[in-house]
Each structure stands twice: as structure tokens, then as C-alpha cells.
Amino acid sequence: MESKNVRRVVAMVVQRPDGKILLLQRSPDRSYDPNKWSVSTGHIEDDEDPHEAAIRELKEELGIDAKPSKEGRLVVVDSYENPLHVYTFLFSIDILKVELNLEHNDYAWIEPTDVYNYDRVDKLEDDLAALDLL
């Protein structure tokens, strides 16, 4: 059983058929990691399954209505005030346009190994590794 201090989130990696993944720049007014690069993420509600949260959050954040093609390993991040449990999901999607909401101000399609060239959120490479992308 998880402690009440643990924050549960989902990380949704969107990947095109050419292997490139979608990287998003967080808006400057975000409370956590403003301006840093990440994948689509979101909080899991108390009574919500991580799989369902991933589908909901991807629709809310990017307007993408899809189901994950793969569930990755759990990533534990302990560098914040409270531990963070990140449930990782891969969405293999052939999309041409990305619809950003107020949570992000830019995006890029990159090779997974290029993630090291970005000012990224803590442990983003672990999220990609959990899905066997690194």
C-alpha cells in the first residue's frame, strides 16, 4: 500500500511510426519544473486506475483520443518534497498536428536518445527507459 505522501502520476510517451517521440516544454507558470522539457504527464485521481488516467490525461492535454500500446515499468522519483510514483505508458500514434493546452508552450519531435540535449524534468530518461526507448 502506498503512503498518502506519495504522489501518483502518469507519463504518456507519444511515438510516431518513424520512432520519434513527442517532447513538450512546460509553461513558465507551472508550479513544478517550469520551462523544462517533458512528455505528457498528469495526476492520477484517488480512485482512478493508472491506465485510465493515462487515456484521460492524453485527451485533456493534447486532444489525442487513444489507448496505450505498452505499459512500462514504475519509476520512483524521490528528488521532490514527496516521492513521486510515475506510471509510464507508450502511445503509438500517427498524428500530424499537436494541440497544446496552457500547460505547455512548445513541442518537438525527437529521437529518444536526443532527450539528453534538452533541459528536462528530473528522471525523464528513466521514464523512457521504463518503456525500453533508451
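Student: What percentage of the 134 residues of the protein count as buried?

Tutor: 48% of them. Buried means under 20% relative accessible area, with exposed over 50% and partly exposed in between (1.4 Å probe, protein chains only). This is a predicted model: local features need pLDDT of at least 70, side-chain atom pairs count only at pLDDT 80 or more, and totals for chains, interfaces and linings use all residues. Residues are numbered from 1 along each chain as its sequence is written, and side-chain values use heavy atoms, with hydrogens and water left out.

Student: Why does the radius of gyration agree with a compact globule?

Tutor: The radius is taken over C-alpha atoms, and the globule rule is 2.2 Å times the number of residues to the power 0.38. For 134 residues a compact globule would come near 14 Å; the protein has 14 Å, so the two agree.

Student: What makes up the largest nonpolar core?

Tutor: A nonpolar core is a set of buried Ala, Val, Leu, Ile, Met, Phe, Trp, Tyr and Cys residues joined through side-chain atoms within 4.5 Å. The largest has 21 residues, and Val13, Val86 and Leu133 have the most contacts inside it. Another core, of 19 residues, lies apart from it and includes Leu22 and Tyr87.

Student: Which residues is Val13 in contact with, leaving aside neighbours within four places in sequence?

Tutor: Contact means heavy atoms within 4.5 Å. Val13 meets that with Ile21, Val39, Phe89, Leu90, Phe91, Leu128, Leu131 and Leu133.

Student: What share of the contacts with a separation of 6 or more joins residues 24 or more positions apart?

Tutor: Such pairs account for 67%.
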